[in-house]
Amino acid sequence: MPNRRNFLQAVSSLPLVGGFFATEAEASAVAPKTNGRDYFKELGVKPFINAAGTYTALTASLMHPETMAAINYASKQFVVLNDLHDAVGKRIASLVHSEAAMVTSGAASALTLATAACLTGKDPERIKNLPNLAGMKSEVLIQKTHRVGYDHAIRNCGIKLIEVETASQLESAVNDKTAMMFFLNDADPKGQIKAAQFVELAKKHNVPTLIDCAADVPPTENLWKFTKMGFDLVAFSGGKGLRGPQSSGLLLGRTALIEAARMNASPNGDTIGRGMKVNKEELIGMMAALEVYLKRDEAAEWKEWERRAKLIIDTVTATSKATRGEVYVPPVANHVPTVRIKWEKAALKLLADDVRKQMKEGTPAIEITPGSSQAKAETQEFSVGLWQLQPGEAEIVAKRLREVFKAAA
Ligand SMILES: *Cc1c(COP(=O)(O)O)cnc(C)c1O
């Protein structure tokens with residue numbers, strides 16, 4: 001039985017038939033270059049085709065060859081880290097039309113450093129004391145519907161989250177302990193106070209704002225939409241849609257706050273952010289990934305995702321008449337065409353859990369979008385993420401799904 005690597009090498013050595021690869025370069029990018037060593041194999045860890053999405057636990061996204069070249073470049077010389085961060089921050093800020101920018105070790109780190117900046121400003125004593133808030137403000141306002149596990153990154157700073165639902169509740173919750181107002185962009189459809197009004201209320205009460213946009217590109221314009229709207233600080237994940245280093249993120253926003261966030265971060269030793277280290281490789285890698293991202297053909301990329309969706313839906317629904325397929329696009333985070341396949345449990349001897357398991361355990365291994373078990377549900381369904389598939393892999397996913405559904409028919 002060929003493993004995935006052999007399989008892909010075999011595929012990539014074929015002539016370019018059937019639309020598998022757009023270019024030779026893409027074909028060779030799929031076959032790992034290992035300098036003769038297959039580290040994952042040595043370690044007994046099995047790589048897979050990512051038909052799930054940008055899940056951190058599944059290593060999220062793959063860096064573009066140009067980004068890897070930039071990282072290799074950065075790995076070969078020493079520089080003064082703060083000088084490089086100043087320059088990279090300036091370049092990134094100009095690319096995304098922000099007043100200032102910094103690279104963080106992920107969106108979660110951006111949330112912590114942003115909160116720290118609002119609490120301490122540039123006061124060295126306060127920076128040393130975090131998360132002890134003696135003498136500082138200590139509350140962050142949040143809409144109840146915007147609570148999310150990631151807000152732990154804000155709570156790391158010792159603050160208390162104050163939940164509100166309406167604009168008038170928010171206004172009466174503001175007091176002299178209010179350090180910041182936090183908005184989760186993905187929760188915008190659920191909250192009563194929408195983004196623009198949230199900013200307006202914060203300005204009225206002179207409270208700085210932070211918005212979490214971690215998974216919110218595409219569309220590209222989100223990279224500047226929220227600083228333009230008036231948010232003081234904006235956080236993005238570097239390793240999701242942007243395909244930068246997995247341990248990178250962006251914090252964009254007002255110069256004084258970005259400077260304060262930098263002071264709360266590595267390489268400064270006595271800071272809350274010292275454990276969120278970012279070195280020259282992440283700095284250059286993040287910047288290069290952003291440049292690649294801004295240069296790409298957004299419309300062509302979207303069209304390719306739609307092509308993959310159609311291929312997979314057509315293949316499954318033709319194999320099993322019991323199934324229905326649809327393309328859906330989540331409204332904010334992970335705003336990309338995604339496949340959903342459904343069928344009535346009684347119509348097939350196959351559960352969605354079985355599909356996930358068989359795809360994962362097959363050759364090549366394929367991870368489809370994780371989901372909680374619905375073994376008891378009348379309607380079975382699973383999703384397939386398309387945007388992290390490499391060229392040629394949608395065809396492999398469709399073929400494997402055909403085998404799984406054929407066997408169940
Ligand atoms: C993924 C995510 C984060 C964390 O991003 P990292 O870059 O992995 O640190 C934070 N907030 C939201 C809403 C996310 O989806």
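Colleague: Which backbone atom is 2.9 Å from an oxygen atom of the ligand?
Modeller: A polar backbone atom of Ala108. Keep in mind that this is a predicted model. For polar contacts, look for pairs of N or O atoms within 3.5 Å.

Colleague: Which side chains place a polar atom 2.6 Å or 2.8 Å from a ligand oxygen?
Modeller: Ser237 and Lys240. For Ser237, the distance from a polar side-chain atom to an oxygen atom of the ligand is 2.6 Å. For Lys240, it is 2.8 Å.

Colleague: How much of the ligand does the protein bury?
Modeller: Start with the ligand on its own, where it exposes 390 Å². The protein then buries 87% of that area.

Colleague: Which residues should I display around the ligand?
Modeller: Show Thr56, Gly106, Ala107, Ala108 and Tyr150.

Colleague: Now the empty space. How do we find where it is left?
Modeller: A probe the size of a water molecule is rolled over the atoms, and this shows where space remains. In this structure, the ligand takes up the space of the second largest pocket.

Colleague: What volume does the second largest pocket have?
Modeller: About 710 Å³. Its lining has 34 residues. Thr54, Tyr150, Ala215, Lys240 and Asn334 are the ones nearest its centre.

Colleague: How many residues of each class line the second largest pocket?
Modeller: Count 15 nonpolar, 15 polar and four charged.

Colleague: How many cavities of 30 Å³ or more are there?
Modeller: One. A probe fits inside a cavity but cannot get out, whereas a pocket is open. The largest cavity holds about 40 Å³ of space.

Colleague: Which residues line the largest cavity?
Modeller: Find His85, Met102, Val103, Thr104 and Leu113. Then find Ala265, Ser266, Met276 and Val278. Strand 2, residues 100–104, gives the largest share of this lining, with three residues. By class, the lining has six nonpolar and three polar residues, with no charged ones.

Colleague: What kind of peptide bond joins Pro218 and Pro219?
Modeller: A cis bond, with omega at about 0°. Pro219 is also placed in the loop between strand 6 and helix 11.

Colleague: Where is Ala60?
Modeller: Look in the loop between strand 1 (49–51) and helix 4 (65–74).

How values were computed:
Residues are numbered from 1 along each chain as its sequence is written. This is a predicted model: local features need pLDDT of at least 70, side-chain atom pairs count only at pLDDT 80 or more; totals for chains, interfaces and linings use all residues. Side-chain values use heavy atoms; hydrogens and water are left out. A residue is near a molecule or strand if one of its heavy atoms lies within 4 Å of it. A polar contact is a pair of N or O atoms within 3.5 Å; within protein, one must be able to donate a hydrogen and the other to accept it, and residues adjacent in sequence count only if both atoms are side-chain atoms. Accessible areas come from the Shrake-Rupley method with a 1.4 Å probe; for residues, only the protein chains shown count as cover. On a 1 Å grid over the protein atoms alone, a cavity is a set of points where a 1.4 Å probe fits but cannot get out, and a pocket is an open set with protein on both sides within 12 Å along at least five of seven lines; lining residues have an atom within 4 Å of a point. A molecule sits in a cavity or pocket if more than half of its atoms lie within 2 Å of its grid points. Grid points are joined across faces, edges and corners, and a volume is the space filled by probe spheres set on the points. Helices (H or I, at least four residues) and strands (E, at least two) are DSSP runs, numbered from the N terminus. Ala, Val, Leu, Ile, Met, Phe, Trp, Tyr, Cys and Pro count as nonpolar, Asp, Glu, Lys and Arg as charged, and the others, Gly among them, as polar.
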